[in-house]
Amino acid sequence: MPLRLASSDGRAEIAIDFPPVNVLDVAALEDLVRLVLQSSGARVLVLSGLPRAFSAGVSVAEHAPDRAAIERMLTAMRNALNALVKSPAVTVAAVSGACLGGGAELVAACDVVLVTEDARVGFPEIRLACFPPGAAALLPVRIGGARAAEWILTGRTVSGRVAAEAGFAARALAPPDLATETERLVERLLSTSPAALAGARDLLRAERRRALAEALPRAEDAYRLLAGSEDLAKAVEEFETRKHQTENGIGKRQIGED
């Protein structure tokens, strides 16, 4: 199963497993919501991906400038982000490899983020003639408005080390240390008072919850204006052509969809 939930002793882990680079679609986001809700009895929820990619983002095919397609994608991502910021569990993202677009939006909703130093974090949607509504709402909360503007408006991708320095992640780790440090963090969280942990969790989530309640609807309205966009249609078509050529052995393979 591409999304796997394992739980025991107050902890749960959702592993994203769509080789080679964890490209997500609407159905995957809907499954993620279901598993987050299913893990509501846990005190700590870890979200992890593959060593090569936490997630290279939402499939470009889902970005077609069709009103119905746009609405499906916006709804699926909104529900996933809200599920994470409303989870009774403290949410921990363990990130390695590519963490791009929609994958990075999911990470931005989590309480604590650990990244490998060589991870690649960014929001390249602007190069596809669109933008990430979830990041437009959440990223200023995590890294401040100035950095958020640069990351989103340029499509810049940064290393895990730079992402941690910017405040997107709590710590950047050597790749071999990610699993050990994630486990150590989970054990530390589980050793605390449940009431105190829950109270602090809700206080620290307040800005993210406010961003999803107030800023995200405005960002979604702006994104809906891309319906019928010729630039977006052309970008999606060109990407799908390059993808087809790569699958048939023509051209260079690249990591990252969105």
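Predicted model: local features only at pLDDT ≥ 70, side-chain atom pairs only at ≥ 80, totals over all residues.

Residues are numbered from 1 along each chain as its sequence is written, and side-chain values use heavy atoms, with hydrogens and water left out.

Most residues other than glycine have a negative phi, and most peptide bonds are trans. Where does Asp 9 sit? Asp 9 lies in the loop between strand S1 (3–8) and S2. Strands here are DSSP runs of E with at least two residues, and helices are runs of H or I with at least four; both are numbered from the N terminus. Asp 9 is not a glycine, yet its phi is positive, about 50°. Its relative accessibility is 74%, so Asp 9 counts as exposed (over 50% relative accessible area; buried is under 20%, partly exposed in between; 1.4 Å probe, protein chains only).

Move on to the loop between strand S2 (11–16) and strand S3 (23–24), where Pro 20 is found. The peptide bond from Pro 19 to Pro 20 is cis, with omega near 10°. Asn 22 belongs to the loop between S2 and S3. Asn 22 also has a positive phi, about 55°, although it is not a glycine. Is Asn 22 buried or exposed? At 0% relative accessibility, Asn 22 is buried.

Now go to helix H8 (residues 194–224), which holds Arg 218. Arg 218 is exposed, at 57% relative accessible area. Glu 117 is 101 residues from Arg 218 in sequence. In space, the two are 34 Å apart, C-alpha to C-alpha.
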